[in-house]
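Visitor: I have not looked at this structure before. Could you show me how to read its features, one at a time?

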Amino acid sequence: MPESGSQYVHGTAPEEQFRLSRLNDLLNEATLRELAPKSGERVVDFGSGLAQLTRAIARATGKRVVGIERSREQIAEALRQAREVGEEALVDLRAGDVLDPPLAANEWNTFDVAHARFVLEHVPDPLAVVRQMVQAVRPGGRVVLADDDHDVLRLWPEPPGFMSVWGAYVHTYDRAGNDPYVGRRLVALLHAAGASPVRNTQIFFGSCSGQRSFTAFVENVAGILEGARDAILTGGAFDPVYFEDAVAALRGWGERPDGALWFGMSWAEGVKRE
């Protein structure tokens, strides 16, 4: 979720929470594989959202994970989901801003891992967030960043009107003072924040017709656009009818037998200097 001075165009309505839950289902296995949490590691999750990934990290480490989340609506839903599966004890969810994390004085410089996913694209000063993450971990601790570069999305064959609407969505970040291409900056941010970058990769976020996941991926992209509808149309690039037609074309495209979708979530890891 966004932090001070930022604008999150998707909101926290039940529809958006449902989309985020499905997104976790699509991404969490690959995210955990790259994160490779170790047994006994103490982890702090910046921008924990619905905490599905936070709980998965806790299951892997055997340690309660601290999750920092600004939205009390998201925390409430996260706790509801955790209680539903008997995992409330796995997470310590704290309401607070990632620019001023609610950590006790004796917690700073102690965590083994600080992690943030889909946070930096929603803040006007991502470097300030990464600096807080570096301060949270012990010397030699890991700082892991995962975020979007919205320029890498490709659909083929391209649905009519889709890329125009997607471009307008990307520009909603500019208008909010945020960076829709922050994914390409992750290594530079780690270095500037005082961590030594040690790894740079992408997590493939895509599918094609014939894969069971394809409909879920298409619906996630459609849900992103629908959640940002008002912000997109505020730009005045086109009228509501054009927008609705483009989203309908996307969903129709999702029924093609030859559709393919590519996206890579940027991933970078650094180590706090001794």
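Visitor: Which handedness does the β-α-β unit made by β1, helix α2 and β2 have?

Guide: Keep in mind that this is a predicted model. To read such a unit, follow the path from one strand over the helix to the other strand. Here β1, helix α2 (residues 52-61) and β2 make a right-handed unit.

Visitor: Which strands does β1 pair with in the parallel sense, and over how many bridges?

Guide: Strand β1 pairs with β4 (residues 111-117) over four bridges, in the parallel sense. Three bridges join β1 to β2 (residues 65-69), and these two strands also run parallel.

Visitor: Which way do the residues of β1 point, and are they buried or exposed?

Guide: Val43 and Asp45 point one way from the strand, Val44 and Phe46 point the other way, and all are buried.

Visitor: What is the strand order in the open sheet of three strands?

Guide: The order is β6-β9-β8, and the pairing is antiparallel. β6 (154-156) and β8 (207-208) each have a single partner strand, so one side of each has no neighbour in the sheet. Between β8 and β9 (residues 260-262) there are two bridges, and Ser207 has Leu261 in β9 as its bridge partner. Helix α7 (residues 214-227) lies across β8 and β9, at about 60° to β9.

Visitor: At what angle do helices α4 and α6 pack?

Guide: Helix α4 (residues 126-136) packs against α6 (residues 186-193) at an angle of about 60°, and their axes are 9 Å apart. That angle makes α4 oblique to α6. The crossing is right-handed. Among the residues that meet there are Leu127 and Val130 from α4, and Leu189 and Ala193 from α6.

Visitor: What should I look for in the backbone?

Guide: Most residues other than glycine have a negative phi, and most peptide bonds are trans. The cases to look for depart from that pattern. A cis peptide bond joins Trp156 and Pro157, with omega about -10°. Pro157 lies in the loop between β6 and α5 (162-175).

Visitor: Where are Ala36 and Ala51 found?

Guide: Ala36 is in the loop between α1 (14-35) and β1, and its phi is positive, near 45°. Ala51 is in the loop between β1 and α2, with a positive phi of about 65°.

Visitor: Is each of them buried or partly exposed?

Guide: Ala36 is partly exposed, at 37% relative accessible area. Ala51, at 3% relative accessibility, counts as buried, because the cut-off for buried is under 20%.

Conventions
Residues are numbered from 1 along each chain as its sequence is written. This is a predicted model: local features need pLDDT of at least 70, side-chain atom pairs count only at pLDDT 80 or more; totals for chains, interfaces and linings use all residues. Side-chain values use heavy atoms; hydrogens and water are left out. Buried means under 20% relative accessible area, exposed over 50%, partly exposed in between (1.4 Å probe, protein chains only). Two strands pair if DSSP finds at least two bridges between them. Axes are lines fitted to C-alpha atoms, for helices over the stretch in contact, and angles run from 0 to 180 degrees between N-to-C directions. Angles under 35 degrees count as roughly parallel, over 145 as roughly antiparallel, 65 to 115 as roughly perpendicular and the rest as oblique. A crossing is left-handed if the near helix is turned anticlockwise from the far one by less than a right angle, and right-handed if clockwise. Contact means heavy atoms within 4.5 Å.
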